[in-house]
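Here are my notes on this predicted model.

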Amino acid sequence: MAGDLFSYLYQFADVFAFLILASAGLAIVFGMMGVINMAHGEFIMCGAYVTVGMSRLGLPLVLAQLCGAGAAGLAGVLVELLIVRRFYDRPADTLLATWGLSLIVTQGTVLVLGSTLQGIGTPPGSFTVGDYSFSTYRMELFAASVLVLAFVYFVFMCTSFGVLARATMQHAPMARALGVRINWIYALSFGLGTGLAGLCGGLYAPTMSLIPTMGSSFVVESFVTVVIGGANVLLGTAPAGVLLAIIRTGLNAWHGQVVGQIGMLVAVILVIRVLPDGITGWVNKRLR
Amino acid sequence: MTLRSALLGAVASLLCISAALAADPIKVGLIEDISGDFAAIGLPKLHGSLLAVDEINKAGGVLGRPLALTHLDPQGDNARYQEFARRLIDRDKVDVLIGGITSASREAIRPIVDKGDTPYFYTNQYEGGVCDANEFSVGAIPEQQFSTLIPYMVKKFGPKSYVVAADYNFGQLSAEWNRSILKQPDVKGTVVGEEFIPLGVSQFAQTIQNIQKVKPDWLLTINVGDAQDSFFEQAAAAKLNLPMASSIKIMLGFEHKRFKPPALNNMHAAANWFEELNTPPAEDFKKRWHAMYPNEPYINDMGYNAYVALYLYKAMAEKAHSTKLAELRKSIADGGMCVDAPEGRICLDPKNQHMSHHMYLLSVDGKHDVHIEQDFGVIQPYWLTQIGCDLTKDNPQEQYSPDNLPQK
């Protein structure tokens, strides 16, 4: 009995961690900045591959994962400078440009690094509750997802960069008039978002097949979470993660993964219909 | 230019044309995934085909004509499979079509192949049952894989099985085979749970818990694709520790090379080819392969079958003195159409157009070393003939399964 109850909580935590880690970066890039980044999955893959490479070189896993996040962040800043910057007034074209980038990166990785890498193995450690045994690492992923939310809150609410970034997202011409270097704010915000995507890749790298298209298994979930959440990472993405995790865990347990996936997509359709601005919009209306 | 030199030129160019006509290449159309979710297991198929074409052309080609290979990469997309099959058959007018990775892709292009008279070779192991005169199946089928593997698992580990399968025709029909074989009186096993997973899913915490809840004796893992392979890493991390069996792991997906030990510990599989096979012809074949592709992570059974398929085609065409489907089928009618493949001498059954195979039962240990548990010898493809498929008499172009037998 205790086993079943814990198992449910564990499943919830697992799905929640997946949704939050997959979507935290996108929430900044797409939710706040409004850039439809179709290459989100490739930044996740970049983080995973760098993590695996660093860990092969003998770096401890946590440091390797931070390297993965850093590499994806750096790549993000470059992509912003070279590509995304030119499309801020053409959002639909960003979609095409980043999609093209995603195709180039995936196929480029196949050509350069081959179609698969050997895994590094999940850190050992498991525990038993009732009839069930659980992997400790999945609990660490949950802790990481909470830490990521706290980190994003800290950056955007407690640092001067956060204030400038929020001002830029809200009204860029006014922010510029007040002396904010909005080009740099955009580049850094984009890099922060892709860095979080890379962190997600690094965190999941030990538990997955390492293939150039590995990011694509995160993309649907991340867009769904951000669309439901709306523009604000904390007010929107976090509750969206909770909501979707409850729906998905319940349906998964009831009738398997197919139903879980369908349920999640139905939830998106309903939420967009009822709350066009996502949970953020709803919360903001209440607060006013 | 004088009249004489112009005449000489004309004669010379005519000679060139007729020489080219004599050695007009045989067009081989190949559709294999080398990008997308099946890239890792699809690339060896392309390599196997290229190696066979290279060897055959160096040895004088087929019927004195070189093979000209056209490869298209459908990237795991079944709509592209159909588009490319039409392009190769209708526009490029290939003499033979080879390829297809999932059973969904094969069933997507089979109606296109069936409209014409292009011979089609499917080179994967699969869930069996296709009774179609246009198709020649080179891979292993359930009577060679499941009929050996499942009784072995029940005998060694116990009757209760749990199935983790990909949610499309291959997974569904393989699960059906498992149920059907477990019901046999000399096997007496049960299915305590079945779970069908959509392709592309990579998170399995819930599945692992469902398995622990019903406590099976062993797992049948017929999950497909690189994303779904994440199951093994996650199950090992959660200390699931159950014996596993599969018709597609190890020799096909080389998971034991891709995941860190001991994720694939206690996996069992029935295979006609695996790179660890060390008979002299197998060693010779591996040496030639690695000479051409030194960076190949693993020569999987599909790549090996793709290689054998071209030699089978060569043997058929040379016996028939033709590349036409009707003539090729006449050449196999006496049942003597055999090739000396690296696994040994294997033959094409004229009634159901599937191959006999030398089957082994493999197991993987905690260090990911592969052991041969049992050598079954050569097993004929008997099931389709048993249920009444006889392509020498009629051509239903159907796929049958234990629950979907031909109407008598």
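1. Start with the inward side of helix 11 of chain B. Its buried residues are Ala282(B), Phe285(B) and Trp289(B). Viewed down the helix axis, these buried residues fall within an arc of 65°, so they line one face of helix 11.

2. What covers that face? The cover over the buried residues of helix 11 of chain B includes helix 2 (39–58) of chain B.

3. Now the other side of helix 11 of chain B. Exposed there are Pro280(B), Glu283(B), Asp284(B), Lys287(B) and Ala291(B).

4. The geometry of helix 11 of chain B can be checked against expectation. The helix runs over residues 280–292, 13 residues in total. From first C-alpha to last it reaches 19 Å, close to the 18 Å expected at 1.5 Å a residue.

5. Next, the largest nonpolar core. This core holds 204 residues, of which Leu21(A), Cys200(A) and Ala85(B) touch the most other members. Helix 1 (residues 2–32) of chain A gives the most to this core: 17 residues. In chain B, domain 1 (21–140 + 277–359 + 379–396) and domain 2 (143–271) both give residues to the core, so it lies between them.

6. Which residues does Leu21(A) contact, leaving aside its neighbours within four places in sequence? Its contacts are Leu141(A), Ala144(A), Ser145(A), Val148(A), Cys200(A) and Leu203(A). Cys200(A) is also one of the core residues that touch the most other members.

7. A second core is separate. This core has six residues, among them Val130(B), Cys131(B), Trp383(B) and Leu384(B).

How values were computed. Residues are numbered from 1 along each chain as its sequence is written. Chains are lettered from A and ligands numbered from 1 in the order in which they are written. This is a predicted model: local features need pLDDT of at least 70, side-chain atom pairs count only at pLDDT 80 or more; totals for chains, interfaces and linings use all residues. Helices (H or I, at least four residues) and strands (E, at least two) are DSSP runs, numbered from the N terminus. The expected span of a helix is 1.5 Å times one less than its number of residues. A residue is buried if 20 or more other C-beta atoms lie within 10 Å of its own, exposed if 12 or fewer, and partly exposed in between; C-beta atoms are placed from the backbone. The arc is that of the directions from the helix axis to the C-beta atoms. Two residues are in contact if their C-beta atoms, placed from the backbone, lie within 7 Å. A nonpolar core is a set of buried Ala, Val, Leu, Ile, Met, Phe, Trp, Tyr and Cys residues joined through C-beta atoms within 7 Å. Domain bounds come from an automatic or database domain assignment.
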